[in-house]
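This report goes through a protein model part by part. Please have the sequence and the 3D view open while reading.

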Amino acid sequence: MGQVMDPKVITMLERAGIDTASPELLRVAIVLGEQGRILPLGQDWPVPILDGEDQAVWVPLLPISQLWKGSRVPPDFSFAPPPEYEPFFTLLEATAADYCSALGRPERDKEFERIYRRLRRRPDGEDMHPLFSYLQAASRLYLSLCEVSQAEFEAVVSRLRRSARTFALSLLSTNYHRLVLEDLYQA
């Protein structure tokens, strides 16, 4: 997907000893407050980025809409995404899996679907659900490291929304977590 989009982010992460060549291996740390409650991440705050050894570096990231680059049209994501898009999918879904793990329970399929839809429609917006801020932060991280057009971003998030919707058998089902996130990321 091309050139680096925010060299300041690369520099900060590399100075901390974090390899930025494989964004799918990085994680947005889940921040816990009092009594183990998950705190949402603010867009104006630095984001805690973890490497593979749980070392955290707090990095300021630009809003998603300021990180879109180019006008590349994404391929059809009806089936499996092409390999070049897998790191972006991996970072987002691993963030969702980490969130559920920190929460201590899976999120409902319908809620994943709603949050992905909101992320696509209002990428720089806010949401009452803390998971939104973590998926937003993971997107901001990826877009800081890799060239992604607005159309590509929207296609990736739309594909994730469709995946959550596909697994939703009822208002309370958690199949997306159980069959996708848990299996792929051992949440």
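## Terms and basis

A residue is called buried when its relative accessible area is under 20%, exposed when it is over 50%, and partly exposed in between, using a 1.4 Å probe and protein chains only. Helices (H or I, at least four residues) and strands (E, at least two) are DSSP runs, numbered from the N terminus.

The model is predicted; local features need pLDDT of at least 70, side-chain atom pairs count only at pLDDT 80 or more, and totals for chains, interfaces and linings use all residues. Residues are numbered from 1 along each chain as its sequence is written, and side-chain values use heavy atoms, with hydrogens and water left out.

Helix α6 has 18 residues and reaches 26 Å from first to last C-alpha, close to the expected 26 Å. The expected span is 1.5 Å times one less than the number of residues in the helix. Buried in α6 are Glu-152, Phe-153, Ala-155, Val-156, Val-157, Ser-158, Arg-159, Leu-160, Ser-163 and Ala-164.

Helix α3 has 18 residues and reaches 25 Å between its end C-alpha atoms, close to the 26 Å expected. Its buried residues include Pro-87, Phe-88, Phe-89, Leu-91 and Leu-92. Ala-94, in helix α3, counts as buried because its relative accessibility is 2%. After α3 comes Gly-104, with a positive phi near 90 degrees.

## The nonpolar core

A nonpolar core is a set of buried Ala, Val, Leu, Ile, Met, Phe, Trp, Tyr and Cys residues joined through side-chain atoms within 4.5 Å. The largest one here holds 50 residues, and Leu-13, Tyr-116, Leu-143 and Phe-153 touch the most other members. Two or more residues each come from α1 (7-15), β2 (47-50), β3 (56-59), α2 (64-67), α3 (86-103), α4 (109-121), α5 (130-145) and α6 (150-167). Helix α5 gives the most, with 10 residues.

Contact means heavy atoms within 4.5 Å. Beyond four places in sequence, Leu-143 touches Met-5, Ile-64, Leu-67, Trp-68, Phe-88, Val-148 and Phe-153. Trp-68 lies in the loop between α2 and α3, and its contacts beyond four places include Pro-123, Leu-143, Ser-149 and Phe-153. Trp-68 and Ala-151 are 83 residues apart in sequence, with their C-alpha atoms 8.9 Å apart.

Ser-139 is in helix α5 and counts as buried because its relative accessibility is 0%.

Helices α1 and α5 pack at about 100 degrees, with axes 8 Å apart. Axes are lines fitted to C-alpha atoms, for helices over the stretch in contact, and angles run from 0 to 180 degrees between N-to-C directions. Therefore α1 and α5 are roughly perpendicular; angles under 35 degrees count as roughly parallel, over 145 as roughly antiparallel, 65 to 115 as roughly perpendicular and the rest as oblique. Val-9, Ile-10 and Leu-13 in α1 meet Leu-141, Ser-144 and Leu-145 in α5.

## A loop residue

Gln-35 sits in the loop between β1 (27-28) and β2. Gln-35 is not a glycine, yet has a positive phi of about 55 degrees. Its relative accessible area is 82%, so Gln-35 is exposed.
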